[in-house]
Amino acid sequence: MDNKFDILIIGAGPAGISAALTARNRGKSVGVIANPPETSKLYLAESVTNYPGISGSGKDILLAMRSQLEQSGAEIISGRALSVMPIGKTVGVAVGNDFYEASAVIIAAGISRNPICSGETQFVGRGVSYCATCDGMLYRGKTVAVIGDSAEAEHDKSFLRGIGCEVIEFSGKEKFDIKGGMKADTLVADGREYKTDCIFILKDTLAPGSLVSGIDSERGIIKTDSSGKTNIKGIFAAGDCTGAPYQIAKAVGEGNVAALAACEYINNIEKEI
């Protein structure tokens, strides 16, 4: 496996795959740092109904995208990116004990959500969801719990009420436990039990500064211009890591735009040599 590429992409979700396909179509060598698809939150989505032309489970959609990625000629690097650092005119990325270089890097790593309580991971896709706009219609007119007090959480609560859900609100500061049988049906908050049909857990993102020192971000969201450029030369970002809405359509579009900008950046570098 080559350790040098034109473009390295961190993440193999919709944004990363879109970026990889676009870059390959522009004749660039591409490495995609990818975790197994089973670790993706999209993989666990019960149903996706808001992506034009395609519907089905998140698993089916993601595996179809992964298949297209594998056929594109991009090199898939299994592992987790640990750090990203500019090195002169290139950018280095540490993946486990390995090190890779590229003329440009596109961060499409999504957002990291650590479990907040016991039962959360066990019931994801079975009564626990991270996206109200993705899965809310499955619980139309039913009782749901929403954990979170961000602006996004307030928007999602309004959405759920608008489709007839009875919403039980929690700030996220309580002590939780999730219980159930085949699916989650009970949320325990500060010792009190609440019967629910679904528990929506809406968390703030983690700071990307642990991946890229000095990158401009706010509340864990990477700041970019309209082309996906960050404040660090040669580093671009796309998808959920750039903020809401956390939707496939937005991620795919941003991946495409960031890849075009990265290709232009590389072409300009080559003209200078």
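The dialogue below takes up aromatic pairs and then strand pairing in this predicted model.

Trainee: How many aromatic pairs are there?

Mentor: The count comes to 4 aromatic pairs. In one of them, the rings of Phe170 and Phe176 have their centres 5.8 Å apart and their planes at 90 degrees, and because an angle over 60 counts as edge-to-face, this pair is edge-to-face. Phe170 and Tyr194 also form an edge-to-face pair, at 5.0 Å centre to centre with 80 degrees between the planes, and this pair links distant parts of the chain, since Phe170 lies in strand S11 and Tyr194 in strand S14, 24 residues apart.

Trainee: Which strands pair with S8, and in which sense?

Mentor: In a regular strand the side chains alternate between the two faces of the sheet. Here, S1 pairs with S8 in the parallel sense over 6 bridges, with Ile10 facing its bridge partner Ile107, and S18 pairs with S8 in the parallel sense over 3 bridges, where Ile107 stands opposite Ala237. Strand S7 pairs with S8 in the antiparallel sense over 5 bridges, and these two form a hairpin with 2 residues between them, Gly96 in the turn having a positive phi of about 60 degrees.

Trainee: Why is S8 described as largely enclosed by the rest of the structure?

Mentor: Because 7 of the 10 residues of S8 are buried.

Notes
Residues are numbered from 1 along each chain as its sequence is written. This is a predicted model: local features need pLDDT of at least 70, side-chain atom pairs count only at pLDDT 80 or more; totals for chains, interfaces and linings use all residues. Side-chain values use heavy atoms; hydrogens and water are left out. Rings of Phe, Tyr and Trp (its six-membered ring) pair if their centres lie within 6.5 Å; planes under 30 degrees apart count as stacked, over 60 as edge-to-face and the rest as tilted. Helices (H or I, at least four residues) and strands (E, at least two) are DSSP runs, numbered from the N terminus. Buried means under 20% relative accessible area, exposed over 50%, partly exposed in between (1.4 Å probe, protein chains only). Two strands pair if DSSP finds at least two bridges between them.
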